[in-house]
Amino acid sequence: MNLNDFYTCDENEKPLDKVAVNGGFCGVFRKIAIVGDSMSSGEFQSYDEEGKVGFHDYYEYSWGQYLAREAGCTVYNFSRGGMSAKWYLDSFADEKGFWRTELAAQAYVIALGINDLFYSDIEFGDISDIDLKDENNNKQTFVGCYAKIIQKYKKIQPKAKFFLVTMPSDQRANRNEIKEKHREFLYRLAEMFDNTYVIDLYKYAVPFDDDFKKKFFLDGHMNAVGYQLVGRMFASYIDYIVRHNMDDFRQVGFIGTAYYNTKYEK
């Protein structure tokens, strides 16, 4: 047996250099919850004969469900087309029961920002908008709302792992400027909260440019092949994070239980 056929951790490896087989070590999580918008919901965009546009969330086509089928884990779609951090907090999560303890996950992937920062008038805010002692005191900015989601789920599942997703780059310089600000904010959050990591699609994924969209988009949203591709990207990225931070994930099997091994720091 050659261990390198099963596990490698090259210090020069970049995220997404290696495609994970069958979900890779993403499969150590038995339950994953995805908090997101249309891109996390398998949304397809239709046009009828009269030119009327339709938006349809087909969760079985979401990248999260592709990941679930590949890695053999359960994935909850805590998502909907048009979702923003503020909407999630103000009503959506309560209406859907997404704060219920029986839906607690071992890992949370948060992919929000598009609707907040490009299609709403919410103030971006800054780190000072976050009250680490009481999330109810967070300001009603994008920063305050996004952090509050993390804080609320940390109370439900204290040992859970959080993966914060940057937005892929594209050909529009004005949008990339905002995406870079969003990316910087997520790295700040990963420093503030324990068990928190960044899935940096802005830096490491291919740009979602015109050439990419010709293959993997159906008008303004992805097609089925695109969502499957992104599912493989997420599985591979989480696999990379696990392989390069093995001590952090040593006790994943105890997340959601009353047990812990005090012989290890993490």
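The model is predicted: local features need pLDDT of at least 70 and side-chain atom pairs count only at pLDDT 80 or more, while totals for chains, interfaces and linings use all residues. Residues are numbered from 1 along each chain as its sequence is written, and side-chain values use heavy atoms, with hydrogens and water left out.

**Entry 1: α1 and α8**

I noted that helix α1 (residues 63–71) and helix α8 (residues 224–243) cross at roughly 60°, their axes coming within 7 Å. Helices are DSSP runs of H or I with at least four residues, numbered from the N terminus. Axes are lines fitted to C-alpha atoms over the stretch in contact, and angles run from 0 to 180 degrees between N-to-C directions. The two helices are therefore oblique to each other, a class left over once angles under 35 degrees (roughly parallel), over 145 (roughly antiparallel) and 65 to 115 (roughly perpendicular) are taken out.

On the α1 side I listed Trp-63, Tyr-66, Leu-67 and Glu-70; the α8 side includes Tyr-227, Arg-232 and Phe-234. Contact here means heavy atoms within 4.5 Å. I recorded eight nonpolar, two polar and two charged residues in the contact of α1 with α8; Ala, Val, Leu, Ile, Met, Phe, Trp, Tyr, Cys and Pro count as nonpolar, Asp, Glu, Lys and Arg as charged, and the others, Gly among them, as polar.

**Entry 2: α2 and α4**

I then examined helix α2 (residues 85–96) against helix α4 (residues 142–156): they pack at about 55°, with axes 8 Å apart. The crossing of α2 and α4 is left-handed. Ala-85, Lys-86, Tyr-88 and Leu-89 of α2 meet α4 residues including Phe-142, Cys-145 and Tyr-153. This contact of α2 with α4 holds eight nonpolar, no polar and three charged residues.

**Entry 3: cysteines**

I searched for disulfides (cysteine sulfur atoms within 2.5 Å) and found zero. For Cys-26, the nearest cysteine sulfur is that of Cys-73, 5.3 Å away. Cys-26 counts as buried at 0% relative accessibility, where buried means under 20% relative accessible area with a 1.4 Å probe, protein chains only. Cys-145 also counts as buried, at 2%.

**Entry 4: Phe-118**

I located Phe-118 in helix α3 (residues 114–118). Phe-118 is buried, with a relative accessible area of 19%. Not counting residues up to four places away in sequence, Phe-118 touches Gly-113, Met-167, Arg-175, Ile-178 and Lys-179.

Conventions. A crossing is left-handed if the near helix is turned anticlockwise from the far one by less than a right angle, and right-handed if clockwise. Buried means under 20% relative accessible area, exposed over 50%, partly exposed in between (1.4 Å probe, protein chains only).
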